[in-house]
Amino acid sequence: MKRTSLAVAGLLAASIALTACGSSSTGAAAGSATTGPIKIWYSNNAQEVTWGKQVVSAWNTAHPDQTVTAQEVPAGKSSEEVIGAAITAGTEPCLIYNTSPAAVPQFQKQGGLVDLNSFADGASYVEARTGDLAKQYQSSDGHFYQMPWKSNPVMIFFNKKVFAKAGISTTAPPLSTYADFLTTSEKIVSSGAAKYAIYPAPSSEFYQSWFDFYPLYAAQTGGKQLVVDNKSTFSTADGQAVATFWQSLYTKKLAGTETYNGDSFAAGVAAMAVVGPWAIANYKGKVDWGVVPVPTEKGMTAAQTHTFSDAKNVAMYASCQNRGTAWDFLKFSTSQAQDSQLLTLTGQMPLRKDLSTAFAAYFTANPDYKLFADQAARTVEVPNVANSVQIWQTFRDAWSSSVIFGKSDPKTALPGAATKIDSLAGQS
Amino acid sequence: MTTPVIKRAAAPPRRPDRQGDGADKARHDRLLVRIFGRQPIGIALAAPYAVFIGAIFAFPLGFAVYMSFHDYFFTAPGVNVPHPFVGLTNYKTALSDPDVLNSFVHVGVFLIINVPLTVVLSLGLAAALNQAIIGRTFFRVAYYVPYVTASVAVVGVWLFLFNSDGFINTLLGPLAPSPSWLVNSFWAMPTIAIFVTWKQLGFFILLYLAALQNVPKELYESAATDGAGKWKSFTAVTIPGVRPATGLVVLLAIVTGANLFTEPYLLTSGGGPDKASTSPVLLMYQKGIQQGNPDVASAIGVVLVIVVLIIALIGRRFTEGEK
């Protein structure tokens, strides 16, 4: 026993000593003009893979001395965890075309991101392409550590067949106010047209609030973020109105509280879904769908309604050596020509200020997507603040407890979460 | 007068002190034996595994202890940030968080259900499968299949069985709980405990089957001669005969149960409903990997290791008696 204790103590001491040595190493900074081969990762979404392959092929043909090697983000529980682990190990590629804005503050804290302002035309390129919306993607130091790439403005999809079965208009469904939405939902469920009116994931992952609370909160407040100037904004009448609306859906069993194994909307279990245009490809041949903006308490026109962006961006990662090539490829892949390819192949909205005009022909030919393009100009991003994930988890916990499962009152749960979030947002 | 010079005879070479040399050699040998053991080749043979243990288990454990006492977060290689010693701050943060304390309670509930159920069912089924029954091989394989199947694959089946319109609720009719099992704060953890018991049963049955082979047949014959029935033979011969295996089963069930992660992550969507089925490891994952606070997560991990060691020692004392 004594011998075992000594051995364990020795190993602990050795490992601590090794750890101390390991953390003091330094790495050489790469120059922003260095060129050469680079690696990139992109999403495993089938449409994005198609886009990724063609952009790499086009680049490599024109730049045989600066080849780009691409692969899908390695499998993991989430892209953010895979990228976070890769940053720690120094094995991340130069560019990742699937960087969640919510993860950027953490990656930045890890020292894993390249400041795009370090390129002579870095900030100006981002601002020229994205316009005013780019401000939401600036970090607290005013610099860009991510290139705003594409958004998926979240809207309400509805199943036309289910609505028709329930005797609800499929051309102008009454869904713009909370009262209308609840009445329509009750009709759907009581008629037996679908088991649930709507079925956002009731699970407790930090990001699930982006698909129930946040789009409606963005609409209700006219485009306010969850946190502004390091203070939470949702402990207000608007926040409570959104919470009360969802609470009614759950209390009246118009929304499901059990995890659904699959896509409840595609399976016809739910008549509506809160989702962006990326999902259209999934519904092809399964659902005859229509789309409307998210509801607000008193209703507003589509042209006034804000929503959550569900954006995915591109970031350059710290272990990249050939940053000159990486920056040139980043600009090439976000050029108007490549954005056109992105829109055509994936149906997702490039984060460009001239989206509607630059691709007017596409939207004329594909009117289903025009509403999303209009919404893309009024999207709200997750706040770019310290402890972003912890903030969203804190909010989700309070939301689950009070709104979904009715264990507490949203009138006390949300202010409680707001106090914790104020403290988290204020930390560096 | 000259003083005669008395030449001192040169000191004769010291006679070898055979007794002293022998003692030195014996001391030397004892030292070698102490360091390298009686069979030094054994060290060479064991070295690869020792290196494996050191690299895969001891180093991460040591690193976790280090992190738990420092302000630590993961950084990219070459990024130098200070990791100041913070004493027990991370432990205070962890242990003052009601979610962390509740997660230990949840895993306690899990162990109270899972461990006895595992022991009783696996021993009972192993004893049955040890008899010459029809379809014995089929049953042995059938019990083992869930163990070798990934949780991800079987969770879907359990979601189907235990959801509000599932098979179990259809069977129970008006007796079904509302809300249903996996979204019911009271039933979520017991349902997970039953799922894990079912899934791991095959492995523990195998352990007991191996142990049953070592129970001498003569003991059963003697018991029968003394008039013992089947139940008496089971309690007086089988249970004491497999006591070492029971100790192992209890220990393994406690250790794997305390490290519960996959099942609440998948079956109750991340420890729901309303965090009623969170486990310490699930919180470690959330805080350490998702939220970037590996220091607090490590503190939870160290506390968990200590708690598991205490429970395992109690379990060992309980199953092995006063040996």
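**Briefing: a predicted two-chain model**

In chain A, the axes of helix H2 (residues 46-62) and helix H12 (residues 336-346) come within 9 Å and cross at roughly 150°, where axes are lines fitted to C-alpha atoms, for helices over the stretch in contact, and angles run from 0 to 180 degrees between N-to-C directions. The model is predicted, so local features need pLDDT of at least 70 and side-chain atom pairs count only at pLDDT 80 or more, whereas totals for chains, interfaces and linings use all residues. Residues are numbered from 1 along each chain as its sequence is written, while chains are lettered from A and ligands numbered from 1 in the order in which they are written. Helices (H or I, at least four residues) and strands (E, at least two) are DSSP runs, numbered from the N terminus.

**The pair H2(A) and H12(A)**

- Given that crossing angle, H2(A) and H12(A) are roughly antiparallel to each other, a term for angles over 145 degrees, as against under 35 for roughly parallel, 65 to 115 for roughly perpendicular and oblique for the rest.
- A:Gln47, A:Glu48, A:Thr50, A:Trp51, A:Gln54 and A:Val55 in H2(A) meet A:Gln338, A:Gln341, A:Leu342, A:Leu345 and A:Thr346 in H12(A), a contact being two residues whose C-beta atoms, placed from the backbone, lie within 7 Å.
- The residues of this contact divide into 4 nonpolar, 6 polar and 1 charged, where Ala, Val, Leu, Ile, Met, Phe, Trp, Tyr, Cys and Pro count as nonpolar, Asp, Glu, Lys and Arg as charged, and the others, Gly among them, as polar.

**Overall form of the chains**

- Chain A comes to 17 helices and 14 strands, and its radius of gyration of 23 Å is close to the 22 Å that the globule rule gives for 428 residues, so chain A is as compact as a globular protein of that length.
- That radius is taken over C-alpha atoms, and the globule rule is 2.2 Å times the number of residues to the power 0.38.
- Along the principal axes, the C-alpha trace of chain B spans about 135 × 70 × 30 Å, and the C-alpha atoms of chain A fill a box of roughly 65 × 65 × 40 Å.
- Buried residues make up 51% of chain A and 33% of chain B, a residue being buried if 20 or more other C-beta atoms lie within 10 Å of its own, exposed if 12 or fewer, and partly exposed in between, with C-beta atoms placed from the backbone.

**Where the chains touch**

- In the contact between the chains, 37 residues of chain A meet 36 residues of chain B.
- On the side of chain A, the elements that give two or more residues are helix H1 (2-22), helix H3 (79-89), helix H4 (104-109) and helix H16 (388-404), and the largest share, 6 residues, comes from H16(A).
- By class, this side of chain A has 8 nonpolar, 23 polar and 6 charged residues.

**Backbone features**

- Most residues other than glycine have a negative phi, and most peptide bonds are trans.
- A:Asn230 has a positive phi of about 65° and is partly exposed, with 16 other C-beta atoms within 10 Å.
- A:Asp310 has a phi near 45° and is buried, with 27 other C-beta atoms within 10 Å.
- A cis peptide bond with omega of about -5° joins B:Ser178 and B:Pro179, and B:Pro179 lies in the loop between helix H7 (167-172) and helix H8 (188-213) of chain B.
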